[in-house]
Amino acid sequence: MELVKRYIAAVQRELPDAKRDEIGRELTANIMDQLDALAEQQGELSEADIANLLQQMGHPRTVAQQFAPPQPLISAGYMSLYKNTLFMVLGVLFLLQVVDSTSAWLGSSQMSFLLFIKSLASGFIQDVVFGFTSITLAFWLMSRYQPRQHSQCEQSWQPAQLPKVGPHWQHIALQDIFSDLATYLFLLIVIWYPLWLSAEQLANSRFLFTDNAHQLLKWASPLALLGIANSLWQLRKRFWSRNLLMANILINASFVLVILLLTASSPLINPELKIWQGVFDLHQLERAAVYSLVITALVPLWEVVRDIWRLRRLS
Amino acid sequence: MTSAQLDKMRLELRRGVLVLAVLASLKQPHYGYSLRKQLQDGGIDIDEGTLYPLVRRLAEQALLNSEWRQGEGRERRYYQLSELGAQLLDQLTEEWQQLNSALGSLLGSALQEIK
């Protein structure tokens, strides 16, 4: 019987505390009944017979899992909400990190663009670890103590409210919305940098463009605000409609126009900017800035062409 | 169809039926091993790893009453259908009979088509 005791103890080790004694007691009674029935057929049982019966019952961990099946960390009812919350919160944390890193970059005389990217990446990774852990922990507690009920939205939905069948690109991905929002926020912070910096930070800072180019960028900043509003509208709808496409075309076309105007408003580069001047002369830097701006303009231009094509497909 | 697929589908098919069989068998009190014998004698072979946790789950749902009794020099936990379990068994039996009758005619006509 020593084998049976060891087997029961092994099963009990795999069980939750609350069920350990009760299941152990019941399993012992069941095994003893089986051994009695076997002894009636075969006479006195050897250790090998007992071992054989226990082997047939299965590994202690398997038996324990049959009595107390393992529970997933997040219940299936919450999984969709969990994933949605996770992506939304990580998107917002990314935006906050963009704001934080850009302010630090502008206010520091030491930080290069590469250090800015490093600061953005490392800060975001820290935020992801914190956000992922907190959200998972919250949903684990909800799964454990409050089983999912159907929400009001799930109970009162109407088939007629479902969007029309359309091509796969009509669904707007969350990462597209958040990368647009991050870009607009970055632009606004860079353009209006004197507002966020202290006098000391302002003294250390330098701006890449001339006052003339900076003024033009300031005039274009309502466009970035419109872009933010458009992204928030996309976040609400998550589905490309004709109106959303037209708004996107207008905003991106305006950005192309502003960037081209900027390239035409020579000189672009601030002559007081000392960095790189040991490597390149001002004329070379000016030409590099114009080429970079033309290449940058290709991105919103591509979106304009893409959205016109989509608009034609929708109609 | 592979044997793994067949085993999986057979398991799914048997899962609900086993609950019905266990509830029906527990109109009389039984302990784990005697219940398994009764089911086996009735033509339903079920391994311990499935039966014992199933019985505990039904008891936790208040469909079965249970008590420990001493007998033959050892304690055993006896299970019997509770009032709630009896009501559920009646409803499930009716459901099963309707399903069985509908399936009977469906499977009958499917068999005739195959022949």
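Me: What share of chain A is buried?
Reply: Buried residues come to 16% of the 315 residues in chain A. A residue counts as buried with 20 or more other C-beta atoms within 10 Å of its own, as exposed with 12 or fewer and as partly exposed in between, the C-beta atoms being placed from the backbone. Keep in mind that this is a predicted model, where local features need pLDDT of at least 70, side-chain atom pairs count only at pLDDT 80 or more, and totals for chains, interfaces and linings use all residues. Residues are numbered from 1 along each chain as its sequence is written, while chains are lettered from A and ligands numbered from 1 in the order in which they are written.

Me: And what's the figure for chain B?
Reply: In chain B, 21% of the 115 residues are buried.

Me: Which residues is A:P300 in contact with, leaving aside neighbours within four places in sequence?
Reply: A:N252, A:F255 and A:V256. Contact here is two C-beta atoms, placed from the backbone, within 7 Å. A:F255 is 45 residues from A:P300 in sequence, yet their C-alpha atoms are 6.8 Å apart.

Me: OK, secondary structure. What does each chain have?
Reply: Chain A has 13 helices and zero strands. Chain B has four helices and three strands, in the order α-β-α-α-β-β-α from the N terminus. These are DSSP runs numbered from the N terminus: H or I of at least four residues for helices, E of at least two for strands.

Me: How are the strands in chain B arranged?
Reply: They make an open sheet of three strands, order 1-3-2, with antiparallel pairing. Strand 1 (30–31) and strand 2 (64–71) of chain B are at the edges with a single partner strand each, so one side of each has no neighbour in the sheet. Pairing takes at least two DSSP bridges between two strands. Strand 1 of chain B pairs with strand 3 (residues 74–81) of chain B over two bridges, and B:Y31 stands opposite B:Y78 in strand 3 of chain B.

Me: Back to chain A. How do helix 1 and helix 3 of chain A cross?
Reply: The axes of helix 1 (residues 2–13) and helix 3 (residues 47–57) of chain A come within 9 Å and cross at roughly 25°. That makes the two helices of chain A roughly parallel, a label for angles under 35 degrees, with over 145 roughly antiparallel, 65 to 115 roughly perpendicular and the rest oblique. The axes are lines fitted to C-alpha atoms over the stretch in contact, with angles from 0 to 180 degrees between N-to-C directions.

Me: Which residues meet there?
Reply: A:L3, A:V4 and A:Y7 in helix 1 of chain A meet A:E47, A:I50, A:A51 and A:L54 in helix 3 of chain A.

Me: Last one: how many residues does each chain put into the A–B contact?
Reply: Twelve from chain A and eleven from chain B. Helix 2 of chain A gives the most to chain A's side, with seven residues.
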